[in-house]
Amino acid sequence: MRVTVVGAGVVGTMHAWHAVERGHQVVQIEREAEARGASLRNFGQIWVSGRAGGEELETALRARELWEGIGGRVPALGFRANGSLTPVRGPLELAVAEAAVARADAAARGYKLLTPHEARALNPALRGDFTAALYCERDAAVEPRTAQLALRAELLKSPNYTFLPGREVRDVTGAGTVRDDHGDTHHADAVVLCTGAWLGGLVRELAGPDLPVRRVRLQMMQTDPLGEPLTTSVADADSFRYYPAYASPALDELNARRPQPQTAAAHKMQLLMVQRADGGLTIGDTHEYEHPFAFDTVEEPYEHLTGVVESLLGRPLPRVRHRWAGVYAQCTDPGKVVHRQQVHEGVWLVTGPGGRGMTCAPAIAETTANELGW
């Protein structure tokens, strides 16, 4: 079978990976020299802990299994099963963590409630004051800025794989025919459009104006090396307000009795933090849903995040080296992991995983491959 994959972000690259693994001839087309979107501008987290029960959690757990297997073959991915800690303060936050540990699927996530002493034994960098910490053993991480490069380097070892960068697809016709802006035509038995947050132009022409996917903008930052290991990923209790796994009467009470600080609420914030291979910290994030998006980053969210991180580390944050904004595509139905739609004969659009993209991409692509009979 011949497969054309349009888009070289993590979702597109994982589709190419599964197709090559199943013995198919694959052409992957990317409009940039390399992907520059949300697949690079994220935490690199394989984030199981907060996923909604049911299909979303099952997808994340399967993806976690696939990431570990691929990471064993491609060490340059930087896969590490580092788990995560969410420190909590006071009885209201503690009650939300206790409700999470009481979930029927808590064992599948690897949830455990730790004392401060137990949490610091696991992650000594957390020297700030907190009441307890929710541990999720199944969380993991990769290096987002280089993961696609590492996957592609492995794919290029196969004679069945061709990468065509710097080409924008201009037309898709029936029976899997793709024409790019170099005037070249590519014929395949199946075309998969993994265009990320690029939802206009050709995507709108093929899928129609009522695509149930929206764009979301975020702000993040990265620091100089911390100077010591941050052995787990770290979240704060505002992540309870954001991720569906934590919905409970205890969360309702937290929201009612202790709402977010003004800056965090205005920018729909949570803290997520991961240490990079060079020792720096990737820290975020915000969520902006209303169009048109701002073209600049604003400083107040960074100041808020700096204060939260320093309170957990019990020390000043290293110098911030990078600040950036990114945009991802998210299904408007929160119960859907991804939007998968046949838009033409032999042509499928796969988009909208939202903040789940890095976590779930291997399993999303595996499902596409299974459903298309690859």
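Ala, Val, Leu, Ile, Met, Phe, Trp, Tyr, Cys and Pro count here as nonpolar, Asp, Glu, Lys and Arg as charged, and the others, Gly among them, as polar.

The model is predicted: local features need pLDDT of at least 70, side-chain atom pairs count only at pLDDT 80 or more, and totals for chains, interfaces and linings use all residues. Residues are numbered from 1 along each chain as its sequence is written, and side-chain values use heavy atoms, with hydrogens and water left out.

**Exercise 1. Describe the lining of the second largest pocket by class and by element.**

Solution.
- Step 1. A pocket is an open set of points on a 1 Å grid over the protein atoms alone, where a 1.4 Å probe fits, with protein on both sides within 12 Å along at least five of seven lines. Lining residues have an atom within 4 Å of a point.
- Step 2. Of its 15 lining residues, Arg89, Glu93, Asp236, Asp238 and Arg258 are the closest to the centre.
- Step 3. Sort by class: six nonpolar, three polar and six charged.
- Step 4. Helices are DSSP runs of H or I, at least four residues; strands are runs of E, at least two. H8 (238-242) and H11 (299-313) each give two or more residues. H11 gives the most, four.

**Exercise 2. Find the edge strands of the eight-stranded sheet.**

Solution.
- Step 1. Strands pair if DSSP finds at least two bridges between them. The order is S5-S6-S4-S14-S15-S16-S13-S17, in an open sheet with mixed pairing.
- Step 2. S5 (111-114) and S17 (320-331) each have a single partner strand, so one side of each lacks a neighbour in the sheet.
- Step 3. Look inside the sheet: S4 (84-88) and S6 (132-136) pair antiparallel over five bridges. Ser84 has Cys136 of S6 as its bridge partner.
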